[in-house]
Amino acid sequence: MSKGFASNRLSLLAVGVLICFMSVGVRLVFLQVVDRDELLRFVDKARRQIVVEHARRGAILDARGNLLATSRSEITVAVDPWALTEYLDIDKNPAHRAKRVAEEQAKHAQLADLLGMSFADVEKAYIPGMRSIKPENDKRDGAVDGQTKDRWVKLREEVDEPTFDKITALNIRGVTHERVYRRVYPGDGLAAHLIGYLNREGTAVTGAEHNFDLYLKGQDGWIESEKDGARREMAQFRTREVPAQDGDDVVLTIDSVVQHIIEDELKTVAAKFQPHFATIIASDPMTGAILGMANYPSFDLNNYNKAPLEAQRNYAITDRIEPGSTFKIVAAGAALNEGLVTPYSTFDCGIQTIDYEGRTIKLPKEDEPFGVLSVADIVAHSSNRGAAQLAMRLGDERFYEYARRYGFGQTTAFELGGEVRGTLASPDKWDGLTISRMPMGHSVDATPLQIHMAMSAVANGGALLRPQIIKEIRDNEGNVIRRFGPEKRTQVLRPAIAAQLAQLLTGVVREGTAKGFDIPGFEVAGKTGTTQKLIDGKYSTTHHVASFVGFFPASRPEVVLSVIVDDAHVTGGTAYGRVVAAPAFKHIAEQLIQYLDIQPVTVPTRNFLAMQGGAR
Amino acid sequence: MKPPPAHAFVNRLIGLTLLLLVFSGSLGLGAVWMRQEISQAANRGRLLEGKMADVERRLDEVNAEVAAAVNPDVLLQQNQAMRLGLMSPREVQVVRVGESPELRLATKRNREVFSLASASLSDQAGEPAFRVVTALR
């Protein structure tokens, strides 16, 4: 081999290599410069994807950490019939193909069993079909004919995780799925009006779900990346990633067991008296924390779509009733607070008329004839004429001012919203009889919660508090990020006067209108109410609102409890508060004493003897 | 000095080109290897994220089931179905102990253990050999 040939060969190789490089360079120029925009568009369309990461909605818990509402994943199972067809088409051997078909059909039978469907329905879903799409979007299968392969035939919604695990284990060709989060309420109907619900679209409709949605919903995140031919994300090409921020947990003040106790009692009341509606509220007088609030009728949160709208109303805050005799705490408390009377001051409750500001006013009727009564007796026996005379001692303006201080005629600022204000007309709009009727709870209306909070003010030393339903907010790691404390709205009575009124209210169960409903050792203080309902502008003699609102123990109150029953049906009698509401109050109170471990104010003698046992 | 012949220059050029090719090739292979590693790490991360999400999902599922199982209504039904006869106590059944039960039981126990009779076991005359005084609150 000559030296010149070798040299030529090397030159040839060098030129060849250079040409290759140049070809690559030219191609690169075409790819990177000339066709760049078009190629980028294609790549973007084919590979780029933005995946939204849904934030998990926070849970709702009760004060003891029991779950009241949480999110649970559910799966929508579907099939891609074309995936099976394509899988079978790969094998051209008829025998092998028949074997594959038989194997898949056996799995389909198991799938049908797991989903509770017929085998025929599953097989029908596996028949390949086409669906119509907009021609401008029809580029996926090559032919622009407005038709594309239908790769999503839904089999079943709301499949739970364990069932889906079994389906996945079968490794069935063409089975696909979509995971969605659905709100579940483990207590079913427990505290339904307080918790509220999310509808199928995921919109918070009522209750805590709606009002604390800002805390609960969290913030969705997103990932911008690329996908491969099998539409799987290629994580190495993630360009932007915004993590989802899960929602915070909302802790309510209610206690599931207290809530259950009052709901159980409400069911008994409803079964016995078939009322139009009934409400029971329990709260802590010192903080205003609602321990339980229940309404009849109610509904199951997991089946809210089957409940009539009437059952979804939180009557405790949306409906107004005349408070009746429970309103007498206004006149009695105000007169004591102003120093106009003492518990021993007496009034003639047998008179039928009285002179007031130069006019002779007819006093309201009494349920039973009274003579001279002390203020303590007026409260205990619920004298209408006595209450009217107490209000007259105060005068229109002062009486109205105290009614406002007790919270009547204004919302309680309850955090769940939807609350109505009630009606308390100012003295310039009163007629001549109002000063004698309003003290007995007529000519004024209020929500059950307003009445409850007014009594709570007597229990806690005269301070009107905002009813509290939210206790704290926790992040998804359980750390408390916001705590809600008691909020005082106004001082209604001096603490000493509130305590004095509380003692007067113990007379109601000891010797007054609810005699016999005392709980020995626990000083139940309360007030019955029986209001005639206004029907067609007239007070009905057959339709009443029965109520019993009180607290215990009177000298160191721990629970305020209200039982309000609208239009109860009492066979052969009137639906008095003592007949309809007081028994329920007592039954609930007995259970709460045990559950909340409320200590008696006075220890019965038998306990003293028992305490000595075992000491020697 | 005599200039180098032309083919020597070409040879050197080819040699350098080959060296460059080897160098760039190894760079390319290195880059591919690195991208492969990045890709595998990213996908492992994605799988782990998926597993974590799956565990959290299952945890939520279990929590929901536990919450449903301890719902007061369900517990009452269980109480009836299993005929346990459990019910909340009534006040009449409750004996309230004012003092600390631990202290009272400790005192009772101490009296038994350190009683005069037991302390006098070693004494022949029946008199206690020593006296134990326990502190009572």
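**Figure 1. Helix 20 of chain A in the predicted model.** In this predicted model, helix 20 of chain A comprises 14 residues, 582-595. The distance from its first C-alpha to its last is 20 Å, close to the 20 Å expected at 1.5 Å a residue. Buried positions in helix 20 of chain A include A:Ala582, A:Ala584, A:Phe585, A:Lys586 and A:Ile588, and A:Ala589, A:Gln591, A:Leu592 and A:Ile593 are buried as well. The cover over these buried residues includes two helices of chain A, helix 10 (256-273) and helix 19 (577-580). Strand 12 (277-283), strand 24 (525-535), strand 25 (538-552) and strand 26 (559-566) of chain A also belong to that cover. Helix 20 of chain A lies across strands 12, 24, 25 and 26 of chain A, and runs at about 150 degrees to strand 26 of chain A.

**Figure 2. A:Asp597, after helix 20 of chain A.** A:Asp597 follows helix 20 of chain A and lies in the loop between helix 20 and helix 21 of chain A. Although A:Asp597 is not a glycine, its phi is positive, about 55 degrees. Most residues other than glycine have a negative phi. A:Asp597 counts as exposed because it has 10 C-beta neighbours inside 10 Å, where 12 or fewer is the criterion for exposure.

**Figure 3. The open sheet of chain A.** Five strands of chain A, in the order 13-12-26-25-24, form an open sheet with antiparallel pairing. Strand 13 (290-296) and strand 24 of chain A are the edge strands; each has a single partner strand, so one side of each is left without a neighbour in the sheet. From one strand to the next, the twist averages 10 degrees. Strand 12 and strand 13 of chain A are joined in the antiparallel sense by six bridges. A:Ile280 has A:Ala294, in strand 13 of chain A, as its bridge partner.

**Figure 4. Helix 18 of chain A against strands 24 and 25.** Helix 18 of chain A (residues 495-510) has 16 residues, which should span 22 Å at 1.5 Å a residue; its end C-alpha atoms are 23 Å apart, in agreement with that value. The helix lies across strand 24 and strand 25 of chain A, at about 70 degrees to strand 24 of chain A. Among the buried residues of helix 18 of chain A are A:Ile497, A:Ala498, A:Gln500, A:Leu501 and A:Ala502. Further along helix 18 of chain A, A:Leu504, A:Leu505, A:Thr506, A:Gly507, A:Val508 and A:Val509 are also buried. Helix 12 (328-337), helix 13 (375-381) and helix 17 (448-459) of chain A are among the elements that cover these residues, as are strand 24 and strand 25 of chain A.

**Figure 5. Packing of helix 4 and helix 6 of chain A.** Helix 4 (residues 94-115) and helix 6 (residues 161-170) of chain A pack at an angle of about 180 degrees, with their axes 10 Å apart. The two helices of chain A are therefore roughly antiparallel to each other. Helix 4 of chain A contributes A:Lys107, A:Gln110, A:Leu111 and A:Leu114 to the contact, where they meet A:Thr163, A:Lys166, A:Ile167 and A:Leu170 of helix 6 of chain A. By class, four of the contact residues are nonpolar, two are polar and two are charged.

**Figure 6. Two cis peptide bonds in chain A.** Most peptide bonds are trans. The bond from A:Tyr296 to A:Pro297 is cis, with omega near 0 degrees. A:Pro297 is located in the loop between strand 13 and helix 11 (315-318) of chain A. A:Phe552 and A:Pro553 are likewise joined by a cis peptide bond, with omega about -20 degrees. A:Pro553 is placed in the loop between strand 25 and strand 26 of chain A.

**Figure 7. A:Ser382, in a loop of chain A.** A:Ser382 occupies the loop between helix 13 and helix 14 (384-394) of chain A. Its phi is positive, about 55 degrees, although A:Ser382 is not a glycine. A:Ser382 counts as buried because it has 29 C-beta neighbours inside 10 Å, the criterion being 20 or more.

**Figure 8. The contact between chain A and chain B.** The contact takes 35 residues from chain A and 32 residues from chain B. On the side of chain A that touches chain B, the elements giving two or more residues are helix 1 (3-34), strand 3 (67-79), helix 10, helix 20 and helix 21 (605-612) of chain A. Helix 1 of chain A provides the largest share of this side, six residues. The residues of this side of chain A divide into 16 nonpolar, 15 polar and four charged.

Definitions and conventions:
Residues numbered from 1 in each chain as written. Chains lettered and ligands numbered in written order. Predicted model: local features only at pLDDT ≥ 70, side-chain atom pairs only at ≥ 80, totals over all residues. Helix = DSSP H or I, 4+ residues; strand = E, 2+ residues; numbered from the N terminus. Expected span 1.5 Å × (residues − 1). Contact = placed C-beta atoms within 7 Å. Nonpolar A, V, L, I, M, F, W, Y, C, P; charged D, E, K, R; others polar. Pairing = 2+ DSSP bridges. Axes fitted to C-alpha atoms, helices over the stretch in contact; angles between N-to-C directions. Parallel < 35°, antiparallel > 145°, perpendicular 65-115°, else oblique.
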